[in-house]
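This report describes a protein assembly by chain contacts, overall form and local features. The sequence and structure come before the details.

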Amino acid sequence: MTRSEGRAARIVLDVYIGLFLVYLFAPLVVMSVAAFNAYPYPSVTQWRGFTLEWFPALFRDERLMRGLFNSIVIALGVIALSIPFGLAGALVLHRLQSRAGGLLYAIMVSPVLMPGLIIGLSTLIFWRHFSVPGGLFLAMVAQASFIASYCMLMFLARLERFDLTLEEAALDLGASKFMVMRRILFPYLRPTAITASAIAFLQSFENYNTTVFSIGGDWTLVTEVGSRLRFGLSPVVNVVGVVFVVLTVAVATLYVLLSRRHVASDARAS
Amino acid sequence: MATHGRDVHLKAVSVTFGTFTAVAPNHLEVKAGEFFSILGPSGCGKTTLLRVISGFLSPTAGRVLIGGTDMTDLGPNERPTALIFQNLALFPLMTVAENVAFGLEARGVGRKERRRRADELLDLVALSGMGDRMPGQLSGGQRQRVAVARALAVEPAVLLLDEPLSALDLKLRQHMRAELKTIQRRTGVTFIYITHDQSEALAMSDRIAVMNAGRIEQVDTPDRLYALPATPFVAGFVGEQNSYRGRVVETADGYAAVDTPIGRIRGRAAQPVAVGAAALAMVRPERVGLVGDRETANRFEAHLTNRVLEGPVVTHEFAMDGGTMVAQAPNLGIRSHWLASVHAIGFDADDAVVFPVEASDA
Amino acid sequence: MRKLVDAYGAGITTVLLLLVAIWTLGMVIAPQATMLDQSLWSLERGTADLTVEIDRTYNELSTAKYDYEHSKDAEARLALDIRIQGLTQKIAELELKEKRPDKVYGLQNYTRMTDIHLQIFMKTIFYAVMVTLLALVVCYPVAYMAALASSGLRATLLLLALVIPYALNELLRIYAWLMILDYQGVINGVLEWFGVTDLAARRWIPFLESPAAVFMAMVYTYVLFMVFPIYNTLETLDRNQIEAARDLGASVPRIHARVIIPHAKPGIAVGCIMTFMLSAGSYSVPQIMTRGQGGDWFSQLVYRQFFEANNWNIGAAYAFSLLAACMVFVFLVMTVFGIRLKDIAR
């Protein structure tokens with residue numbers, strides 16, 4: 001490869017990445033700008049002046065606020081379900097290297113490879129046999145069934161780096177198996193549990209494809225936005241988008257800062 | 001320290017994994033309060049044996065007695081043993097004091113008392129005032145000492161050490177040897193020390209068991225092990241050897257003469273040998289010297305082919321008809337006579353040892 | 001099982017196994033099984049034979065009634081009376097059977113898929129494959145750039161730039177594209193400045209009527225699922241290998257073909273699997289981009305079977321077909337790329 005060929009390839013790549021970034025951010029910009037347009041339909045082409053009126057409108061919107069509340073309830077429920085399931089699954093798999101372990105692994109990972117609507121529908125059908133209709137509970141159960149898989153994978157990855165001699169050392173010093181779990185294993189897994197909870201919350205909160213098939217007549221913030229996108233558009237939807245972005249970026253920044261502090265103290269500790 | 005070591009008695013202990021025999025049936029008696037080493041190359045089964053004594057592994061057959069009590073069926077947390085792992089296995093998320101006091105916590109000792117005992121033990125291992133650090137903040141040698149303190153905290157009768165010094169650099173390792181030995185004397189706990197490093201074993205142990213391929217070949221004091229190896233393996237593994245295969249031509253009073261490619265070697269027979277049998281004659285390099293006109297049992301004319309200065313000692317490599325021989329001598333400064341080309345080298349019959357070997361080996 | 005008890009003790013093992021059982025059996029296997037079951041039966045109304053028999057019984061009844069009215073013999077009348085009662089009861093039973101349909105097991109829900117629905121199914125799978133390939137082409141250079149072709153800060157910024165749009169909810173991300181491609185959207189607006197379109201005169205370019213609009217939004221929506229698996233594998237590639245290949249005189253395409261892409265294979269496979277699965281099963285993108293005007297995507301069909309036609313049996317069969325298609329795709333990709341299930345979950 002000649003030098004000039006390398007440079008040409010480099011320029012092509014840089015230009016491509018530039019275009020890609022435009023592709024990534026253009027919708028974001030359009031979405032945000034429309035949130036401040038006084039025009040009563042979301043638009044950037046029909047500019048009627050800058051306004052903040054859609055922000056208070058969001059907080060006056062009872063359906064959206066109720067949806068927000070439902071979303072948070074479901075997300076908390078999903079954490080409460082998927083963390084224990086994921087943790088138990090990872091702990092079991094960690095010790096089963098046999099064929100049974102392989103099969104169990106396949107079952108636990110399969111929800112990740114299934115389209116979300118399948119998970120929502122199968123949950124809906126299953127629970128109808130117990131006369132439980134679609135609603136917040138089913139949405140929570142459906143979401144947890146695949147979010148637990150993500151949690152399991154995270155716990156398993158952490159467990160695979162666990163130094164088994166720590167456990168043996170504790171046993172050798174007279175610890176019971178319960179104490180090993182409480183004093184050695186759980187503290188070791190705590191950072192993962194925190195990360196997994198955060199990811200479970202976000203996944204649940206943002207979920208649409210599974211939720212819309214299992215929520216019945218109830219709604220979350222996202223399914224409500226989904227139905228607004230089909231009927232009755234207003235820039236309030238854009239405001240939701242802007243709030244989403246600002247909150248997520250804020251939480252992510254906070255998380256990075258905190259975890260960096262954690263990493264620093266971890267580095268000192270190991 | 002109030003603890004006193006107990007004896008460990010292995011009766012015909014063997015361990016097999018599937019068809020693989022990790023440990024052949026072995027008997028072993030470790031005396032109470034002894035610093036006992038198990039020495040062998042990696043894969044010889046010494047760590048397996050240690051795991052059997054500590055209770056992490058059930059032997060396929062045989063019994064494990066500690067202090068005269070059969071403990072074969074007890075788990076590691078029910079035995080009066082404590083294990084120091086090769087990687088130390090300090091709990092990274094606990095402070096040094098919490099690490100040391102972990103065994104006491106498991107026994108339900110109160111927080112205050114735990115801390116007091118931990119500080120006491122940290123004093124013992126010269127880590128006073130380090131209790132609130134995290135293990136990650138300590139140096140290699142300090143971590144080593146925390147591991148010892150943590151193991152001693154449960155007042156074990158037997159302390160098992162699985163090559164705990166292997167991660168340290170040479171200087172620190174030598175220092176820690178002395179320190180372990182001191183701690184052992186002060187506490188009176190039985191130490192069973194696993195290592196593949198013969199100098200480590202020779203330096204610290206009261207007695208050493210040499211293991212090879214799952215079998216204990218010899219148990220003896222370091223001096224006797226070095227001077228009077230019972231098997232060719234022990235002779236070769238502990239210290240250096242010049243070794244020559246041949247056939248026994250003569251035996252008398254515990255001595256034997258072996259015809260080898262370099263000539264006849266007379267030496268002490270470690271085991272009874274018969275005339276005509278295949279044998280192995282071995283002599284340590286430091287026993288080989290210039291003999292000049294002196295009368296010796298073994299004498300060879302040889303060319304000096306290489307001279308390697310190792311500091312306090314100098315290694316000389318000789319070539320003669322049928323083979324080579326290495327001689328080691330203290331460095332006495334520049335003595336030009338070594339540099340001559342042909343020398344008479346040799347050693348006494350007591351310095352060489354003769355082992356019978358299987359015909360197929362010879 | 002022994003290993004578990006050895007590791008955690010009997011008490012904790014019981015709790016762990018219980019949790020695992022609730023999750024895998026109660027939340028994964030049983031729902032899938034009931035969905036499969038639901039797809040395998042349907043309620044069948046009476047057959048033609050039944051109708052004929054009811055008619056014949058009615059005829060017999062009226063004959064018997066006629067005989068009864070015209071008979072004088074008391075004994076014969078009694079016999080006819082019993083016969084009439086019997087026939088009446090039989091008719092009631094037959095009619096009940098006709099009204100309450102039978103639960104019939106079979107593959108009818110699958111085989112009765114109409115041509116148009118089958119066409120949509122095939123089209124959805126085809127589109128999902130297209131989206132996957134498109135996403136691969138779009139994302140490979142980006143992953144390459146982030147993992148290998150830029151240094152510290154630039155790579156970090158690029159990764160950050162990839163993640164930030166994901167702060168926006170999926171629906172809103174798609175909706176943003178709607179705003180851009182709509183009749184009165186950004187692009188048509190910009191084109192108006194150049195005089196290409198005239199919004200007031202309703203002269204605009206109908207981007208939304210092309211499947212490309214759905215493709216564009218879908219690639220956008222699932223870009224991360226393609227970039228990150230590839231990025232993760234590329235990151236483990238020793239840059240010296242590229243240097244060495246370059247040093248040996250290999251051209252840029254050759255370096256990619258022989259060094260980089262083979263190394264990225266597992267990541268490419270995982271990216272393809274995730275993107276295909278997400279797009280084949282996507283309900284949000286076609287729902288928003290087509291504004292529910294055309295039943296263009298199979299997921300929308302499934303939704304309507306359940307919540308509009310209220311035919312859960314057919315809906316379940318459709319959903320299961322979709323699941324089967326995804327499983328086949330996963331299996332194919334895994335075979336072609338020679339990766340195991342364990343590699344997928346990284």
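**Secondary structure and form of chain C**

How many helices and strands does the secondary structure of chain C come to? There are 15 helices and 2 strands in chain C, where helices (H or I, at least four residues) and strands (E, at least two) are DSSP runs numbered from the N terminus. Chain C has a radius of gyration of 32 Å, well over the 20 Å of the globule rule for 346 residues, so it is more spread out than a compact globule. That radius is taken over C-alpha atoms, and the rule is 2.2 Å times the number of residues to the power 0.38. The C-alpha trace of chain C spans about 115 × 80 × 35 Å along its principal axes.

**Basis of the model**

This is a predicted model, in which local features need pLDDT of at least 70 and side-chain atom pairs pLDDT 80 or more, while totals for chains, interfaces and linings use all residues. Residues are numbered from 1 along each chain as its sequence is written, chains are lettered from A in the order in which they are written, and side-chain values use heavy atoms, without hydrogens and water.

Chains B and C do not touch, and their nearest C-alpha atoms are 11 Å apart.

In chain C, 48% of the 346 residues count as buried, that is, under 20% relative accessible area with a 1.4 Å probe, protein chains only.

**Helix α7 of chain A**

Helix α7 (residues 164-172) of chain A is mostly covered, with 8 of its 9 residues buried; among them are A:Leu166, A:Glu168 and A:Asp172. Just after α7(A), A:Gly174 adopts a positive phi of about 100 degrees.

Methods: Contact means heavy atoms within 4.5 Å. Buried means under 20% relative accessible area, exposed over 50%, partly exposed in between (1.4 Å probe, protein chains only).
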